[in-house]
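Colleague: I would like to learn how to read a ligand site and the aromatic pairs in a model. Could we take them in turn?

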Amino acid sequence: MVRLTKQQIQSYKDNGFIKLSNIYSEKELQELSEEYNRIFYKKNNPGMEAAWLGDDMKAAVKNKEYSVHSIHNLQYHSAIFSHALHNPNLLDCLEDVMQTPNILLHHTKAHYKPPRKGAPYLMHQDYHYFPFKKDSMVAVFLHLDRSTPENGGLCVYPGSHKRGPLKDVGVIEKGDAYHYMDQKEWPISGATPINAEFGDIVIFSYLLVHGSYENLSDRPRRMFLVQLMSAEDEPVEDIHKSLGQGWVLRGANDNKKASMAERFLH
Ligand SMILES: O=C(O)CCC(=O)C(=O)O
């Protein structure tokens, strides 16, 4: 059982994020790491390219080539990832951070930033991708490599979540929407880097302004991300419907309709 201290909960409230170690065992982390590599290698195809597009991205990388490979909904690819979603230490911490015993899955994804040309993520709030009425949404960012600014690690504007939804200046390119902040107002260079060891997680609010650096180093940067919401919350818009959305990871969802007519809805 891993419960957060009052100070840790307060730090999350003040900063909008918290970094935690020793949530997963060494054995679990090794299994996750090996399975991650196996899946990315076995399923490798050009459709996994997921780096953001647009002029702001080109400017951020000074017109160099950049790339990030992504697989979504990993629990549909391997039981090792479904198992990771049910980790009791993780769910204990999430209960403390989210202040609810009823926790639902929104979606999962993995970003593999290759060495030397790993794409940055411009500073953004996840809110704009999937707004919810009570802003209960958090991300769990599991580091599967030691991460620093050199290999494309995460960075944040601490406390920015308190300002609520901020102006989004993103673009739509080739039919996909990319949501991010005005990069002059919220430059990556002004953000606070989060240095993390293999296995560390960062839990952060979907209102926290965050991004990540280019990977110009000679090592990869792998991450697995789980997005979750409270069962007491509901979406503002009918968007971003991922496989497995609404799966109850802890507690119960008493708002879930039980009629036959709605059995195929998610
Ligand atoms: O992969 C990363 O470094 C950042 C990903 C991210 O911020 C996001 O998907 O919202």
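Colleague: How many Å separate an oxygen atom of the ligand from an N or O atom in the side chain of Asp126?

Modeller: This is a predicted model, and the general idea is that N or O atoms within 3.5 Å are taken as a polar contact. For Asp126, the side-chain N or O atom and the ligand oxygen are 2.9 Å apart. Lys109 also has a side-chain N or O atom 2.5 Å from an oxygen of the ligand, and for His210 the distance from a polar side-chain atom to a ligand oxygen is 3.1 Å.

Colleague: Now the rings. What describes a pair of aromatic rings?

Modeller: Two values do: the distance of the centres and the angle of the planes. This structure holds 10 aromatic pairs. Take Phe81 and Phe224: the centres are 4.9 Å apart and the planes stand at 65 degrees, so this pair is edge-to-face. The two residues are 143 apart in the chain, with Phe81 in helix α4 (residues 79-85) and Phe224 in strand β12, so the pair links distant parts.

Colleague: Are Phe81 and Phe224 buried or exposed?

Modeller: Both Phe81 and Phe224 are buried.

Colleague: Which aromatic pair is stacked, with 20 degrees between the planes?

Modeller: Phe130 and Tyr206, at 6.4 Å centre to centre. Phe130 sits in the loop between β4 and β5 (138-143), and Tyr206 in the loop between β10 (201-205) and β11, so the pair ties together parts 76 residues apart in sequence. Phe130 and Tyr206 are both buried.

Colleague: Which residues do ring pairs link into a cluster?

Modeller: Trp52, Tyr121, Tyr129, Tyr178 and Tyr180.

Terms used:
Residues numbered from 1 in each chain as written. Predicted model: local features only at pLDDT ≥ 70, side-chain atom pairs only at ≥ 80, totals over all residues. Heavy atoms only, no water. Polar contact = N/O pair within 3.5 Å; in protein donor to acceptor, adjacent residues only side chain to side chain. Phe/Tyr/Trp six-rings, centres within 6.5 Å; stacked < 30°, edge-to-face > 60°. Helix = DSSP H or I, 4+ residues; strand = E, 2+ residues; numbered from the N terminus. Buried < 20%, exposed > 50% of the residue type's maximum accessible area, 1.4 Å probe, protein only.
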